[in-house]
Amino acid sequence: MTVNVVGKRVKRVDAVAKVTGKAKYTDDFMERDMLVGKILRSPYAHAIVKKIDVSKAKALPGVEAVLTYKDVPDNKYATAGHPYSLDPKHRDREDRTILTKKARFVGDEIAAVVATDDLTAEKALKLIDVEYEVLEPVLTPEDALKENAPLIHEEYDNNIISDFGYQIGDVEESFKESDYIFEDEFETSIVQHCHLENHISYAYVDADDRIVIVSSTQIPHICRRIVGQALGIPWGRIRVIKPYIGGGFGNKQDVCLEPLNAALTLAVGGRPVKIDLSREECMIATRTRHAFKYKFKTGVSKDGKLIATHITAISNNGAYASHGHSIAMSAGTKFRPLYSFKSIKFDPVTVYTNLPAAGAMRAYGVPQIKFALESHMENIARKLNMDPIEFRRRNLLGEGYVDPLNGNKVLSCGIHECIAKGKELINWDEKKEKYKNQTGIKRRGLGMACFSYASGTHPVGLELAGARIVLNQDGSVQLQIGATEIGQGSDTVFAQMVAEVLGIPVDMVHVVSTQDTDISPFDTGAYASRQTYVTGMAVKKAALEIKEKILNFVWGMTDIPAEALDIEDANIVYKHSGEVVMPLSKVAMQTYYDTVFAKPITSDTSNNARVNAMSFGVTFAEVEVDIKTGKIEVVEIFNVHDSGKIINPQLAEGQVHGGVSMGIGYALSEEMLFDEKTGKPLNNNLLDYKLPTIMDTPDIGVAFVETHDPTGPFGNKSLGEPPAISPAPAIRNAVLDATGVAFDRIPMTPQRVFEKFKEAKLV
Amino acid sequence: MYNVDQYFEPETIDEATALLAEHPNLLIIAGGTDVLIKMHSGKIAQADLLSIRKIKFLETIQKRQDGTLSIGSLATFTQIANDPIIKENIPVLKEAALSMGGPQIRNVATIGGNICNGATSADSASTLFALNAKLKLQTQGGERVIPIEDFYLGPGKVDLKPGEILTEIVISPEDYQDYGGHYIKFSMRKAMDIATLGVSAICRIKNGVFEDVRIGLGVAGPTPLRCQEAESFAKGKTVSAQTLAEIGKLAVKSTKARTSWRASKEYREHLVEELSQRALKVAIKNAGGESLA
């Protein structure tokens, strides 16, 4: 392994294709006479369809089909992109049908039309007559939890999806041992992923009478299963193809369009039908990030040691279960490897409301709990008159920690080093001194926040990943993986891994970027920051197998024992001296064309990961607050990550830039707003939903503390989601530092800041 | 989807006014950054369009012999931001133009469209209010010139009569010469955003005294507006922090802010008081006055 490409700033394998427009996304594929599918959405948050008349719509020239709930299978299914579980108790709640008679949020899917073009489809939607019985909408979790609250899903006794929690130790006993008890409450808002490419798919029935769906999905193999379940047809009758994707952030770790798309093509005799959501639809009718309300009660000793915490959480899940309670449980699990508590009680409840369904979004419940926990830590440190960094340090767990509930063991932990590096990068001590006693209109402050995260979902979810490698005649290889490239750069790091193991240049590794359930190895998809860690191991195993086969073949050719050989720069060499024995291409040709021994070299491997590496990190932020206008500006921000070995620093930095920018929006400006009485969305577009622009984003400082985790294929751990976790609390803590005002809710919009400053008599 | 049945693209203003006279239902489209968004969202369900984009002379920005500035209604925001005449004579309009949308939007959005759209948040409007701009409206039969303040009738409503096309925005020399100005767009984002409040302040100063102050506000009422009370108070007053504070307070009196999900009335009024002073502070400097702390 002397090529040494792991750890290098290798150019993305898809960079040129993407910037030249050659990379094909779902909308770039053409089928002859493709029809257009559009969806009739409920204008009411909670209503029952009393009567629906589609005759006028059907009569419109150019309309090929109109479907309502009566025309689609009545199978209830779950949409979350989780691996299937053989244990029925472990499966997601099945509460959806392809179209619905009961509207559960503004935007719910009542009917759909197929027409020859967009405009005709739009016109047809307007011609569908629906008579609704409007029900009282349930728009807050508190209302949903009331005793006589209207039921959003009438087949259940109440609006609670789950209230499963846990207790470690005995918090009540531990509170008695504590010198101080601190209590805080926090609230986060509903936000949306805002991936560049909206949800889009098209479907047709092929010559073998199978349904082919091309979709912008993070989870093609799971998608296939869910379409099968929704339609009640064998899974093998469905083929899902995933081309390049313009981002997902978890919103495409869910099955939104595909079952309906399959039903639509079946309704028109298998002709191709495309569903292409508008931004306005995508923002309400796919998934959102759960809004949480957290209550913390924490016992601390005089010397600043955390003893116990009792966490109560309400998770606003919206109208359908989707990922449901998994989000709250992920939050309650992933924070544990960070701080030492003798006892923890976690009491979450996940509740239906008549709002858009919440699902997976980057870091899966953790940004919410970390906003609350790291704000709480800051408040406690201040009340104890302790330096907030010192307070945190005193309570960090570190290497050797074994989680008492899931058995995951921390084998590498660089959190102390991350903190030290961040502190130095932002020039903490000097600035803290400088910003003491500010009285002007513009005040500056510093804040920080830490996090812990996991690599994949073990042991909660199955972590299966497949990789297949074929050696070509010229010594190059094809790599196929079931894991999906969704912009994060996984194809590139997999290519690096293969090149590293095989001793060939990266450009001799051809990664098949498209996943096709007929062809690609099985993998559950892009989520949980799992791919470099879990799929990476599958790729490494496949490459090692190829290498072994190559060297054995050379042994047969030359009588030089395989263990005396290696591959370097696409040559077979003597291991001891590096002397070239023959070019790899010569071996490859023999494997194809030797009249006696020809046997092309391939490997088809699967990795079922039963390990999980904890990653760590920290954000340091400096803000400037305009006391008069309530505007907060992030002046400097640094994210320092322990993600183990960094496979590709350039891509890793990109991940951090994107995640931090997401965190800044989460802290300061992003929230989905709904009319308080009707539940109508107020800002489901990118003008009124304040996603930060590049002008609002400061230069983002990135640093890595490279530990080596023995369970990662190259010592690496998760990095996809973690950058989005800690910016919001760090910014909140910086605002507290600048102004003395402790915010308990994000986003800290100018309006909200103004109100808090008025309360604090700053204006 | 854009439900357009008819689309006309005349090359002269005479052709355009004739078409308008013939088809009174035609909706005028220039850059399309408002019209197409309204069609996309369904606010306009169907429209027949008259594009004026090919009438090239409407893009002209010029300074006449007598000092009058004339800005063609089809001048894009990019053009305004880069135009040497604007830069030299009314740089405050350049500031406003640059605050609008993002580069792609500014490349196509026109100043005439910005005004005719009738939004109180139009980034060019508060500055044109402060500059006492006049609008030239042309029909097949003739033309009329009216002050911009009279053009705005209500939210999204302007006095564009059937058959009329806004062709030119005119600013008289006495309204801009020797003035310094500054525009503040207060919005959640630094680009691609709609103003929570727009403040354009211009002033003329002699010997430390305000000879004239004009403040135009956007999103402080259903239409852009001027702060008459504050302006009359300011005239003849010494340039000082106290004068500014009083101007800020009086500016609020001209506003008709309301509470919406975007911002509360109280907050908007607070911003008017604060930002009119901030804008004026910079305007004072640009007018050659002593800067205030």
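Predicted model: local features only at pLDDT ≥ 70, side-chain atom pairs only at ≥ 80, totals over all residues.
A:Ala570 is placed in the loop that joins strand S22 (565-568) to strand S23 (571-574) of chain A; strands (E, at least two residues) and helices (H or I, at least four residues) are DSSP runs numbered from the N terminus. Its phi is near 65°, a positive value in a residue other than glycine.

Residues are numbered from 1 along each chain as its sequence is written, and chains are lettered from A and ligands numbered from 1 in the order in which they are written.

In chain B, B:Asp178 also has a positive phi, near 70°. B:Asp178 lies in the loop between helix H10 (173-176) and strand S11 (180-186) of chain B, and counts as partly exposed because it has 14 C-beta neighbours inside 10 Å.

| Cis peptide bond | Omega | Loop holding the proline |
|---|---|---|
| A:His458 to A:Pro459 | near 5° | between strand S17 (442-453) and strand S18 (464-471) of chain A |
| A:Ile746 to A:Pro747 | near 0° | between helix H18 (727-739) and H19 of chain A |

The contact between the chains takes 18 residues from chain A and 16 residues from chain B, where residues are in contact if their C-beta atoms, placed from the backbone, lie within 7 Å. On the side of chain A that touches chain B, helix H3 (118-126) and helix H19 (750-759) are the elements giving two or more residues.

Note on methods
Contact = placed C-beta atoms within 7 Å. Buried ≥ 20, exposed ≤ 12 C-beta atoms within 10 Å, placed from the backbone.
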